[in-house]
Amino acid sequence: MTEPAASGTHVVVGDDSDRSRFEAHIGSQLAGVLSYADDEETGERTLQHTVVGEAFGGHGVGSALAAFAIGEAREAGRRIVPQCTFVQRWLEKHPDQADVVAHPHKPSTP
């Protein structure tokens, strides 16, 4: 899927399910990833961490990853748990997408 980023750069996002992560590419370069973990019991997907390459910051890569992950969850009828702080902030800016959130992430206590 191609997401036009805020900067006008086209970000292509896909699911690398073997690595449990969404990958964003700009041209032929890997620009960022959003890792996830699936809970087979509940059907929930925890969105763990977003990493964007230094050279790609400010090009909308993180937002494209978050939007793709939310859209994919909605299409699959899956609920998400936003552990990643970037995804949490993205959802605050896009409250219309909160319908796929199962519950807020609760950090484990030692």
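Student: Where does pLDDT stay under 50?
Tutor: Over residues 2-6. This is a predicted model, and for that stretch it has 13 contacts beyond four places in sequence. Where pLDDT is low, the predicted coordinates should not be read in detail.

Student: OK, and what is the mean pLDDT of the protein?
Tutor: The mean is 91, and 89% of the residues reach 70 or more.

Student: Let's switch to helix α2. Which of its residues are buried?
Tutor: Val87, Trp90 and Leu91 are the buried residues of α2, which spans residues 85-93. Looking down the helix axis, you'd find them within an arc of 100 degrees, so they line one face of α2.

Student: And which residues are exposed on the other side of α2?
Tutor: There you'll find Glu92 and Lys93.

Student: What do the buried residues of α2 pack against?
Tutor: They pack against strands β4 (29-38), β5 (44-52) and β6 (79-82), and also against helix α1 (61-76).

Student: Those strands, then: do β4 and β5 pair in the parallel or antiparallel sense?
Tutor: Antiparallel, over 7 bridges. Tyr36, for instance, has Leu47 of β5 as its bridge partner. The hairpin has 5 residues between the strands, and Gly43 takes a positive phi near 80 degrees there.

Student: What about β5 and β6, parallel or antiparallel?
Tutor: Those two pair in the parallel sense, over 4 bridges. Leu47 turns up again here, with Pro82 in β6 as its bridge partner.

Student: Which unit do β5, α1 and β6 make?
Tutor: Together they form a β-α-β unit, and it is right-handed.

Technical notes:
Residues are numbered from 1 along each chain as its sequence is written. This is a predicted model: local features need pLDDT of at least 70, side-chain atom pairs count only at pLDDT 80 or more; totals for chains, interfaces and linings use all residues. Side-chain values use heavy atoms; hydrogens and water are left out. Buried means under 20% relative accessible area, exposed over 50%, partly exposed in between (1.4 Å probe, protein chains only). The arc is that of the directions from the helix axis to the C-beta atoms. Contact means heavy atoms within 4.5 Å. pLDDT is the predictor's confidence in each residue, from 0 to 100. Two strands pair if DSSP finds at least two bridges between them. A crossover is right-handed if, with the strands pointing away from the viewer, the path from the first strand over the helix to the second runs clockwise.
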